[in-house]
Every structure is written in C-alpha cells, then in structure tokens.
Amino acid sequence: MNFNLFYNFGRYMIMMRSAFSKPEKLSMYWKETLRQMDDIGVGSLIVVALISIFIGAVTALQFAYQLDGTLVPRYYIGYIVRDLAIIESAPTITCLVLAGKVGSNMAAEIGGMRQKEHIDAMEIMGVNTTAYLILPRLIAAIVVIPLLVTLSAYIAIIGGYIATVPVGDLTSEEYVRGLRSFFVPFNIVMMYVKAATFAFILTSVSCFQGYYVSNGSIELGKASTNAVVYSNILILLADYLIVLLLTG
Amino acid sequence: MIRAENIFKSFDEAEVLKGISMTFEQGKNNLIIGRSGAGKTVLLKILVGLFEPTAGNVWYDKRDFFALDKKAKRAIRMEVGMLFQGSALFDSLTVEENVMFPLDMFTNWTKKEKLDRVNYCLERVELVGANDKYPSETSGGMQKRVGIARAIVLQPKYLFCDEPNSGLDPKTALLIDELIQSITVENNITTIINTHDMNSVMGIGDNIALLHLGKLVWTGNKDEVLESDNELLQKFIFASPFLQRLRDAAIQHG
C-alpha cells in the first residue's frame, strides 16, 4: 500500500515534469487549450449556476433561521452569505462539483485514448503526449475555473437575495447593507488562490488517472471514479492548508 | 533497414520474447507471423519504440534506437508511420483533420500545402471526397485506409502495420494488402507487418518470420512457405480445415 503510494506519486511527478516540456507546435497547443476552455467553461456554466444559486439561497435561509430572535442585526445575513460564498462555497464546492463533472470526463477521455491506442499513435508520430494532453487542460482549467468561481460567488449572493428578500425575511436595503459591510479585499485573493490550486489539483489528478489506465472498461470506470475521489480528498486537504497558511 | 538484435522482453515473471534477432529489409514487406500470444505485438511495439526491451538493441539503419537521447528518438519517430489494428483515428477529428494532424504538428507548411498533401494521400488510398466524414461515419475498411493515409502523410522511411486486415472482409483485406505493397515499393520504405492473415502471407510476404512462444522459429519468403518442412510453420499455415482440404486436394492432383 505504502509502496503503491510512493510509486504513484513518483509516476505523477515524472508525468508532470514531462507535461511542462516545450511544446512541439504552439499553435496546436493553443487550439487544444481553447477547445478545453470551451469544454470546461461553457460546458459547466449551467451546473455551476444551479449549484451556486441554491447554496446562496440555503445559506441565507439557514442563517435567517439561526439569527431569528437573537440580538444579531438582520443585515448580517447579507454579510455572511457574501463572505461564505467568496471564502468557501464558491471555490471549494464549485471545484468539488467540477472534479465530478470535468475531472471524471478528463480521466475517461484520456483513458479512452490510451485504450484505443490514440496515445500510442501520437507517441509514434513523435508527439510528447503528456505535454499535448495535459498542458492545454491545465492552462484551460487554471484560467477558466477561477472565472467560474467568480460567477459562482455572484450567483450565490443573488441566490441569498432571492431566498430572503421577496419572502420578507429582510429588506433589500438590509441585504445590500450586509453585502457592503466588513468587506476584506484579501478574501478575494484567498478565493482566487483556492480556485487556481483546486483547478490544478483536479486537472492533474484526473489526467494522471486517465493517462495510466490499463485495458478494459472496468479499469476505465475505476480511473474515472478515482479521479473524482482523489481530487476531492486533495481539494479538501489543500483547502485546509491554504486557510492555515493565509489566515495564520 | 531495421535490425532487431537479441531482443528479450519480460513482464514481471513472464518472458515474452526470448532472444529475437532479425533484419527487416528496405523496400520489402517484412511479415511477422505467429499464433496469438507468440509475442508479435510486443516485438512490434519494441521495434517502434513503445516498449523498451529487457535486453537487446533495435537499429534503424545505423542508429541504435534505445541508446539515443529523447530528441534523437523523436527525430526517428518522425520517419515512422504506423497503422494500428483498430486504426487509432482521433474520434473528434474529421478524416481530413486526422490525416493532417502530423502535418499540423510537425511542419510549417501553408494551409494549402497541407491540404494538397492530405488530398494526395486520400487519393492514394482511394478515399477522395471523404475529407469531412468523422471516423464514426466510416466503415472498418475506410478507417484502415485513413490510418494508412495518416501513416504515410509525412513520407515515412519505416512503416509499421499491426494486423492491418483484422476485422475486414477478404476483398477489403486484399485491397489493404495491395495498398501497403504498392506504397512500400513506390517509396522504397521498410515495411513491417504483424499479421496472421494467410492471404497476406501468400500475397505480399517478401520476408516472413514465424514467432512461436517468444522465439523466432522460421524465416523465409512466400515462395518458401509451402515448401518448408518446418512443422510449426505447416501447423500454423494450414490450421484451418479449408486450407487443409486445399492442400490435400493439391497433393492428390500432384
């Protein structure tokens, strides 16, 4: 078990070093990066929006319920929804969901290419397959996922508004006042650090799982599942470490 | 010319290749035949550089492939074309884009130059007008031909074919054989074909090597196949009842 862990970590490091080699043809890598940006970004917009609106709504309702009858001012609900969205729910939950959607898709796509000998075909042509298959995905994810996280934070805040203001839990002015209170700009930095780190984790782990898949549909399924499970665990671990480092 | 020199290959405890030495001549179809599990695919993957041998060398003319650095290996790979058993066409690309992929990746040609070369290759494999089709919209035979077009688009010096006729009807299989034969002769390239198709053996086998349980047990050409008294070769060639009956009939009629 321990040997396996070190073996896989070693293979992961070798793969990543090779992935950062000089591209054979920049234009081909750029084309692939744009395709991946479209896949990751546009392909995930609806799911991210849906999740974010409910997270914002649930957060607002939950805190409205918790603060009911206390001396804490009602406008704090807006403040809590905003900070929770920026610091935690937008980067972490969005990336956990993207690990399931984008990560499993990457592992299955690259794994399928391995099994159908597409990777061998590229190798024989002289293509550095780790670079061609992984680098564009990494760049695309690191650019697009922070944008999705930004959108998620906005939508979560809107979700909180929709869930509380129209039903009379608090007024529009109170919610907006909460949004404008106690704003710490550094939280935005933390959000982007998290988003970029999680994007790197979910992409590299998923590509690793797909790249080294062995033959058979069962193995492909396992690789896809492992991509999600390991990405999620590492994202949560990284979340803890980032918070520890940036707030300590 | 490619030369394999005392190739051994093991996977964990299992020794798959046991000291294979052979030469694959330029301008000829060099066939590797043998039963499933004989080690043909492993040998082909070693020759093409996808697997590293446990021991032994592979020479591309005067270059010892496994002793070269990464850059030099990549330079050799630019001289190699390969047709895979399952064609290995990229699903998300059209026929034209598949064939153009090596040109896009490794040349600085203009779009027109690339298109001209792609169209020439598609014409060569009799697939004119199939440019915009996706692999999923083509038959197995067409996919093999697209695979050949992609393999020859960079004008390789060495062509590898892994079971080029598997899954094809006899007529299409013959067409693929004829294509490989003519491409080999016209371009004077070293072609290595991994097959257990008897029509290929008798049709285009300039040099034939029989592998059995990881060992080279017979070499010769298509004319020597029927005359050989090698028991393993005869068992392999005449494995099917149909061919056995043909052989018996031929013997009866002198």
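Which residue does Arg35(A) meet in a salt bridge? Its partner is Glu32(A), with 3.1 Å from N to O. The model is predicted. Over all chains, the structure holds 20 salt bridges. The points below cover charged pairs, backbone angles, a surface patch and nonpolar cores.

- Arg35(A) and Glu32(A) both sit in helix α2 (residues 26-67) of chain A. They are 3 residues apart, so about one helical turn separates them.
- Glu32(A) is buried because its relative accessibility is 9%, under the 20% cut-off. Arg35(A) is partly exposed, at 32%.
- This pair belongs to a network of salt bridges that links Glu32(A), Arg35(A), Glu109(A) and Arg137(A).
- Side chains of opposite charge can pair when their charged atoms come close.

**Salt bridges in chain B**

- Lys28(B) and Glu25(B) are joined through their side chains in a salt bridge, at 3.7 Å from N to O.
- Both ends of that pair are partly exposed: Lys28(B) has 32% relative accessibility, and Glu25(B) has 35%.
- Arg124(B) bridges to Glu186(B), with 2.8 Å between the closest N and O atoms. This pair links distant parts of the chain, 62 residues apart. Arg124(B) lies in helix α4 (residues 111-124) of chain B, and Glu186(B) lies in helix α6 (residues 170-187) of chain B.
- Arg124(B) is buried, at 18% relative accessibility. Glu186(B) is exposed, at 51%.

**Positive phi angles**

- Most residues other than glycine have a negative phi.
- Glu117(A) is not a glycine, yet its phi is positive, at about 65 degrees. Glu117(A) sits in the loop between α3 (76-115) and α4 (118-125) of chain A. The residue is buried, with a relative accessible area of 15%.
- Asn188(B), also a residue other than glycine, has a positive phi near 55 degrees. Its place is the loop between α6 and β8 (190-194) of chain B. Asn188(B) is partly exposed, with 42% relative accessible area.

**Nonpolar surface patch**

- Which residues form a nonpolar patch on the surface? They are Val229(A), Tyr230(A), Ile233(A), Leu234(A), Leu237(A), Tyr240(A), Leu241(A) and Leu244(A).
- Together these residues have about 750 Å² of accessible area.
- One of them, Ile233(A), lies in helix α8 (residues 217-247) of chain A.

**Nonpolar cores**

- In soluble globular proteins, nonpolar side chains tend to be buried together.
- The largest nonpolar core has 52 residues. Tyr132(A), Ile145(A) and Phe101(B) touch the most other members.
- Helix α5(A) supplies the largest share, 13 residues.
- Leaving aside neighbours within four places in sequence, Ile145(A) is in contact with Ile40(A), Cys95(A), Leu98(A), Ala140(A), Ala195(A), Ala199(A) and Leu202(A).
- A second, separate core holds 42 residues, including Leu83(B), Val118(B), Ile148(B) and Ile180(B).

Technical notes. Residues are numbered from 1 along each chain as its sequence is written. Chains are lettered from A and ligands numbered from 1 in the order in which they are written. This is a predicted model: local features need pLDDT of at least 70, side-chain atom pairs count only at pLDDT 80 or more; totals for chains, interfaces and linings use all residues. Side-chain values use heavy atoms; hydrogens and water are left out. A salt bridge is a side-chain nitrogen of Lys or Arg within 4 Å of a carboxyl oxygen of Asp or Glu. Helices (H or I, at least four residues) and strands (E, at least two) are DSSP runs, numbered from the N terminus. Buried means under 20% relative accessible area, exposed over 50%, partly exposed in between (1.4 Å probe, protein chains only). Patches are made of residues with over 30% relative accessible area and no salt bridge: like charges are joined within 9 Å, nonpolar side chains (Val, Leu, Ile, Met, Phe, Trp, Tyr) within 5 Å. Accessible areas come from the Shrake-Rupley method with a 1.4 Å probe; for residues, only the protein chains shown count as cover. A nonpolar core is a set of buried Ala, Val, Leu, Ile, Met, Phe, Trp, Tyr and Cys residues joined through side-chain atoms within 4.5 Å. Contact means heavy atoms within 4.5 Å.
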